[in-house]
Amino acid sequence: MQNKQKITILDFGGQYNQLIARRVREMGVYCEILPYTKPMSEWKDASLKGVILTGGPNSVYADGAPRLGSELFEMGVPVLGICYGMHLINFLSGSQVVSAEVSEYGRTELNVDSGVLFEGVSNPTSVFMSHTDYIPSAPAGFTVNAYTESCPVAAFSDESKGMYGVQFHPEVNHTLEGRTILKNFVFNICQCDAGYKLEDQIEKMIADVRAQVGDGKVVAALSGGVDSSVASVIADRALSKGQLTCVFVDHGMMRYKEAEQVMQTYHENLGLNIIHVNAEDRFLDALKGVTEPEQKRKIIGETFVRVFEEEARKIDAQFLLQGTIYPDIIESGINGSATIKSHHNVGGMPKESMFQQEQLVEPLKYLFKDEVRYAGESLGIPHDMLWRQPFPGPGLAVRCIGELRKERLDLLRLCDWIYRDEIAKAGLSESIWQYFAVLTGVKTVGVMGDDRTYADCIALRAVITEDAMTAEVAEIPYPVLNRIVLRIIGECPGVNRVVYDITSKPPGTIEWE
Ligand code: XMP
């Protein structure tokens with residue numbers, strides 16, 4: 001995607017990197033996240049207005065630590081280093097980084113002294129810190145712009161060289177005035193204009209799909225989720241009749257009656273050319289005896305691809321369309337970040353697939369979830385389809401802890417349906433971002449009637465989040481929880497206990513696996 005202005009974000013492996021990119025795009029400025037190893041000649045062009053160096057898990061002194069060399073000083077545009085990125089600027093400017101005895105983690109009061117980056121920011125303000133290494137004194141030529149009780153250089157700058165650094169994370173919501181700080185960098189320091197519009201991107205995505213596919217044929221992996229639906233509609237707009245076949249693979253890990261609903265919605269609302277493949281037995285056979293979460297994901301990803309390959313061969317299609325979005329790529333560690341979970345549509349892609357990288361059509365791979373939804377709205381996809389709660393590609397597999405057997409999945413499906421039914425009846429479906437039941441794999445002792453039971457424990461998960469990167473627990477009213485528990489115990493033989501998961505993300509993740 002060619003844009004007139006861009007901010008390049010160099011990825012050093014931090015977990016919040018995509019939030020930085022989201023914040024910049026929210027301001028109407030295009031940005032890209034690239035691995036720090038990407039040669040500058042490949043991204044430094046006339047559109048470059050600024051560079052952000054991200055955080056990362058390393059110490060700048062560690063063996064093999066990700067580093068830049070003298071190119072840091074050859075960018076010709078302002079540079080903002082965040083956390084590890086700041087340490088790197090400091091280190092390359094000839095100053096020390098030291099390791100503290102205790103990490104600084106969480107909300108911290110920041111005292112602001114000066115600097116363009118802090119224009120309009122209150123003093124003191126609250127910021128989110130997550131670090132062990134810190135900078136005891138700024139390098140020669142740099143001014144200290146802010147400090148905290150335990151961090152003497154929490155922000156510095158050499159405005160004459162266009163170098164800025166912050167120890168805290170302005171991109172996360174816990175930094176109260178983080179958006180102002182980033183805006184100061186993007187508009188006041190880098191002099192960007194807010195010219196990036198999603199509508200223009202949609203036109204570009206359609207044109208790109210057309211250019212990539214030419215007269216070829218595409219098989220689309222349609223899951224029923226928002227991303228694959230929007231990707232398929234883009235491809236449908238881009239291609240002629242007969243070029244696109246959408247394949248909905250039922251892997252046996254969908255929610256209650258979901259497969260039927262998905263098929264009906266696509267036929268009725270979107271008029272897509274879609275076929276339904278029932279592959280439940282095949283998936284469950286491949287997953288027999290497997291309990292390790294990453295292995296489950298990889299097997300599911302691989303089996304998906306095999307099924308699509310077979311469907312593609314049947315219709316002689318050379319391309320596979322996927323609803324991969326930007327966070328999938330970043331979270332799967334492809335950019336060098338630590339892999340938290342292999343998203344099935346990225347990490348699970350086997351190397352020896354018939355689809356090589358250039359045969360993957362991924363129109364949404366530079367968009368964030370909310371951008372995908374807005375793109376879907378402008379493409380005329382019904383609102384309800386776009387704003388339904390997200391359902392992971394591996395489906396109930398990541399909510400069924402332990403072996404994936406049909407009877408366990410059926411039990412989970414029933415519990416999950418009761419949970420969703422009660423949430424809908426309580427009028428809460430719109431206000432909770434994602435909620436689902438988990439079959440914990442733990443059996444506990446109970447008493448029902450006069451008998452001892454030893455049966456399954458179900459966990460209820462409900463979260464509120466803006467972007468799924470961090471999440472808070474949704475507070476479901478107690479009487480609603482009570483009704484859900486009574487119904488699950490009463491209607492689901494084999495369950496004798498229900499617990500409510502009140503872990504936020506971090507430290508938990510939203511899904512259990
Ligand atoms: P976690 O569990 O990583 O989930 O906090 C964040 C969001 O991502 C969804 N999720 C996935 N979606 N393929 C997907 O399409 C996956 O492999 C996958 N894993 C997690 C999860 O439901 C939540 O909305």
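**Strands, cores and ring pairs**

Reply: Strand S4 (residues 79–82) is covered on both faces: Val79 and Gly81 on one side are buried, as are Leu80 and Ile82 on the other. The model is predicted.

Me: What makes S3 and S4 a pair of strands?

Reply: Two strands pair if there are at least two bridges between them. Strand S3 (residues 48–53) and S4 run parallel and are joined by three bridges, so the pair meets the rule. Leucine 53 has glycine 81 in S4 as its bridge partner.

Me: How do you know that S4 pairs with S9?

Reply: Four bridges link S4 with strand S9 (residues 163–166), in the parallel sense; the rule asks for at least two, so they pair. Valine 79 has methionine 163 in S9 as its bridge partner.

Me: What is the strand order in the open sheet of five strands?

Reply: The order is S12-S11-S10-S13-S14, with parallel pairing. Strand S12 (274–278) and strand S14 (360–361) are the edge strands, as each pairs on one side only. Within this sheet, strand S10 (residues 218–221) and S11 pair in the parallel sense over four bridges, and valine 218 stands opposite leucine 244 in S11.

Me: Why is glutamate 32 called buried?

Reply: Its relative accessible area is 15%, and buried means under 20%, so glutamate 32 counts as buried. Glutamate 32 is found in strand S2 (residues 31–35).

Me: What makes the pair of glutamate 32 and threonine 8 a polar contact?

Reply: The two side chains make this contact at 3.0 Å, and the limit for such a pair of N or O atoms is within 3.5 Å. Leaving aside neighbours within four places in sequence, glutamate 32 is in contact with residues including Lys6, Ile9, Trp43 and Tyr326.

Me: Why is the pair of tyrosine 30 and tyrosine 196 called tilted?

Reply: There are 16 aromatic pairs by the rule used. In this one the ring centres are 5.5 Å apart and the planes are at 50°. Centres within 6.5 Å make a pair, while planes under 30 degrees apart would be stacked and over 60 edge-to-face, so the rest are tilted. The angle of 50° therefore gives a tilted pair.

Me: Which parts does the pair of tyrosine 30 and tyrosine 196 tie together?

Reply: Tyrosine 30 is in the loop between helix H1 (17–26) and S2, and tyrosine 196 is in the loop between helix H3 (178–189) and helix H4 (198–213), so the pair ties together parts 166 residues apart in sequence. Tyrosine 30 is buried, with a relative accessible area of 5%, and tyrosine 196 is buried with 11%. Elsewhere, ring pairs link Phe12, Tyr36 and Tyr84 into a cluster.

Me: How do you know that arginine 255 lies over the face of phenylalanine 391?

Reply: Arginine 255 is 4.0 Å from the ring centre of phenylalanine 391, and the distance limit is within 6 Å. The charged end of arginine 399 sits over the ring of phenylalanine 436, 3.7 Å from its centre.

Me: Is lysine 257 called exposed or partly exposed, and why?

Reply: Lysine 257 has 47% relative accessibility; exposed means over 50% and buried under 20%, with partly exposed in between. Lysine 257 therefore counts as partly exposed. Lysine 257 lies in the loop between strand S11 (244–250) and helix H6 (258–270), and has a positive phi of about 55° although it is not a glycine.

Me: Why is aspartate 316 called exposed?

Reply: At 55% relative accessibility aspartate 316 counts as exposed, because the cut-off is over 50%. Aspartate 316 is placed in the loop between helix H8 (293–315) and strand S13 (319–321). Its phi is near 65°, a positive value in a residue other than glycine.

Me: What makes the bond from asparagine 123 to proline 124 cis?

Reply: Omega of this peptide bond is near 0°. Proline 124 is found in the loop between strand S5 (98–112) and strand S6 (125–134). A cis peptide bond also joins lysine 505 and proline 506, with omega about -20°.

Me: Which residues touch the most other members of the largest nonpolar core?

Reply: Val230 and Ile488 do, in a core of 92 residues. Another core lies apart from it, with 37 residues, among them Leu110 and Phe168.

Key
Residues are numbered from 1 along each chain as its sequence is written. This is a predicted model: local features need pLDDT of at least 70, side-chain atom pairs count only at pLDDT 80 or more; totals for chains, interfaces and linings use all residues. Side-chain values use heavy atoms; hydrogens and water are left out. A nonpolar core is a set of buried Ala, Val, Leu, Ile, Met, Phe, Trp, Tyr and Cys residues joined through side-chain atoms within 4.5 Å. Buried means under 20% relative accessible area, exposed over 50%, partly exposed in between (1.4 Å probe, protein chains only). Helices (H or I, at least four residues) and strands (E, at least two) are DSSP runs, numbered from the N terminus. A polar contact is a pair of N or O atoms within 3.5 Å; within protein, one must be able to donate a hydrogen and the other to accept it, and residues adjacent in sequence count only if both atoms are side-chain atoms. Contact means heavy atoms within 4.5 Å. Rings of Phe, Tyr and Trp (its six-membered ring) pair if their centres lie within 6.5 Å; planes under 30 degrees apart count as stacked, over 60 as edge-to-face and the rest as tilted. A charge sits over a ring if NZ of Lys or CZ of Arg is within 6 Å of the ring centre and within 35 degrees of the ring normal.
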